[in-house]
Amino acid sequence: MKFRCALLFAPLLLVPWGDAYAQDVRVRLFALRPPPEVTLRAFSGSFQWRTCPKCPGTAATLLAIEAAGSQLRIRDAGVSREVYIAGEVRLEAAGEPAFTANFPLELKAANGQLFVTATVPLEDYVAAVLTGESGDFRNEQSLKAMAVVIRTYATRFRGQHATDGFDFCDTTHCQVPVWNAVSARVAAAAEATRDEIVSFQGAAAAAFHHQNCGGTLAASNEVWPDVLEPYLRSHSDPYCITASPLKWESSLAVLDVNESLRQAGLTPPAGWSAIEIVSRSASGRVQRLRLAGGSPPDFLLSASSFRFAVDRALGWNKIRSDLYNVRTDGDHVLFTGRGSGHGVGLCQAGADEMARQGKDYHQILDFYFPGTHLSKASSQEWQTRTSERFELLTTAPEQDSKLFPDAERILKEDEAVIGWKFPSRARLQVFPTLDRYRNTTGQPGWVAATTRGQTVRLQPVAELRKRSILESTLRHELFHLLVESHARAETPLWFREGLVLYLSEPDKRSAGSITLTDEQMEAILLNPGSRRDQEKAYAAARERLASLIQQYGKAAVLDWLSGGIPAEVLAKPSAPANQGASQQP
Ligand SMILES: [Zn+2]
Ligand SMILES: [Zn+2]
């Protein structure tokens, strides 16, 4: 499971959001390969179809629908932009397992493809995903733990495809449901944990799972740099390693490796003779690799890019995790590794072994999500409200929804300045008190807001208004969202921060000379100490970016976010080294 979906940037489909029951989730079916046509058959009796949500329904026993551009062509019944189905139907699409359900369906079309969205009660979704993900569980308590994890994920990440008008796709990008095969055992595990989620500080936890951690769990930010949750940290897992030490070996031909990299848009160096491990994360997972001995001689790439390239070209089971050693033997590369999957959150193999040893699902969830507790999905303190471009996470929806008009306006203005649009709904989380904000974000009270991934976390709105910094805070953080949506992982913090500061106030008079080196700025921003140091780093970063933009132009500097900062820019000493941040006041 990843955060961002590369699969689906379908044209924006406007979907009525208001009618669904609060605990329903909207799931895009056939998301990997939207079919050009589908057949709907009544499962018993007839079903109802209509061409708008409030139109009168028509009873049918069979309906064939195909996409014609962005219209739906309904056999023997003309065309429509959308079709709504109610009642028990069997939905058939060529090459896909049939979907039989009594969930409301919506059909739309774009580019000759059909987009089918089902509105599913949360508990049915949990049972369907549990069916898809529970193949290896032998024990009831681990199955229950998994049901809670799936429900928690659905509660936490609901709306992650909101821009496209649904909550979850049905691929591994989100969670994979299997609709028509829920066993009595799976249904019982879902029912026994009905409404229970893992929560942390009043909100649903980021409950990830994987098949086998290989004995060491990965911290969340090893896999997704912008996800840092205190309960997703690296620690050893004695359970999976004793029960099913998943050891794997894989031998790849150098020719196949080269071809995989080329298919992924990478150019391997000519005649390389060895793959070397350059760095590992805290949990021992490979982070960077070098293809050595070729031309150019020093070709570096991330382990995840390498694995994605090989996965896509040669099949997912060639490199099952990033926990491996590698050696090159003539025209082959030999990998020996442990575990399967990203290693963050619940380890399925370990959870099943804990259950076998007599632990219950509370103990299993405690072990994999330390510091969290169980709570009810239906009585969540944090509530969600959405506007056109924003999702608001709040404990006071009436009051905090008043942010929407300002946030919408400022985002539009920021987008015009930067020249691209934020690709999905941005998330605003407004804390009810300063204490809650400090405890959750780990930020001191003088930092008004922080942006991580797609979420801007704000101090109480009343507090920001009182200090007259609501507008400037929103402007700054929304620039961060836009910058983060384009920045590649290696982009240094000083560059991101300086760019945002410059864009927020391009006309601000500069303070003079830059007083810190790039490395010094980076060190402070990575690990801020005093307020004074941080302000110094901010001023220096702004100054550095202002001078880069003056020298190279705004367009070029913005391009560096995704294309990389040219070496000569980084190599150039930007400040005398003796004015470091280490000199505390
Ligand atoms: Zn998805
Ligand atoms: Zn494990």
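Helix axes are lines fitted to C-alpha atoms over the stretch in contact, and the angle between two axes is taken between their N-to-C directions, on a scale from 0 to 180 degrees. With that in mind, this predicted model can be approached through the way helix α2 (residues 140-156) meets helix α1 (residues 122-133) and also packs with helix α3 (residues 184-192).

**Helix α1 with helix α2**

- The axes of α1 and α2 come within 9 Å of each other and cross at roughly 125°. Because of that angle, α1 counts as oblique to α2.
- As for handedness, the crossing in which α1 passes α2 is right-handed.
- On the α1 side the contact is made by L122, E123, Y125, V126, V129, L130 and E133, which meet L143, M146, A147, I150, R151, A154 and T155 on the α2 side. Sorted by class, the residues of this contact comprise 10 nonpolar, 1 polar and 3 charged.

**Helix α2 with helix α3**

- Helices α2 and α3 pack at an angle of about 65°, and their axes lie 8 Å apart. The crossing of this pair is right-handed.
- From α2, the residues E140, L143, K144, A147 and R151 take part in the contact, while α3 contributes R185, V186, A189, A190 and A192. The residues of this contact divide into 6 nonpolar and 4 charged, with no polar residue among them.
- Residues L143, A147 and R151 of α2 are listed in the contact with α1, and L143, A147 and R151 are also listed in the contact with α3.

**The second largest pocket**

- The second largest pocket has a volume of about 420 Å³. It is lined by 17 residues, of which E96, P97, D170, V176 and P177 are the closest to its centre.
- By class, the lining of this pocket is made up of 11 nonpolar, 3 polar and 3 charged residues.

**Local backbone features in two loops**

- The peptide bond that leads from S295 to P296 is cis, with an omega near 0°. Residue P296 belongs to the loop that runs between β19 (286-292) and β20 (298-302).
- Residue F30 has a phi near 55°, which is a positive value in a residue other than glycine. The place of F30 in the chain is the loop between β1 (24-29) and β2 (37-42).

Methods: Residues numbered from 1 in each chain as written. Chains lettered and ligands numbered in written order. Predicted model: local features only at pLDDT ≥ 70, side-chain atom pairs only at ≥ 80, totals over all residues. Heavy atoms only, no water. Helix = DSSP H or I, 4+ residues; strand = E, 2+ residues; numbered from the N terminus. Parallel < 35°, antiparallel > 145°, perpendicular 65-115°, else oblique. Left-handed = near helix turned anticlockwise from the far one by under 90°. Contact = heavy atoms within 4.5 Å. Nonpolar A, V, L, I, M, F, W, Y, C, P; charged D, E, K, R; others polar. 1 Å grid on protein atoms, 1.4 Å probe; cavity = no way out; pocket = protein on both sides within 12 Å on 5 of 7 lines; lining within 4 Å. Points joined across faces, edges and corners; volume = space filled by probe spheres on them.
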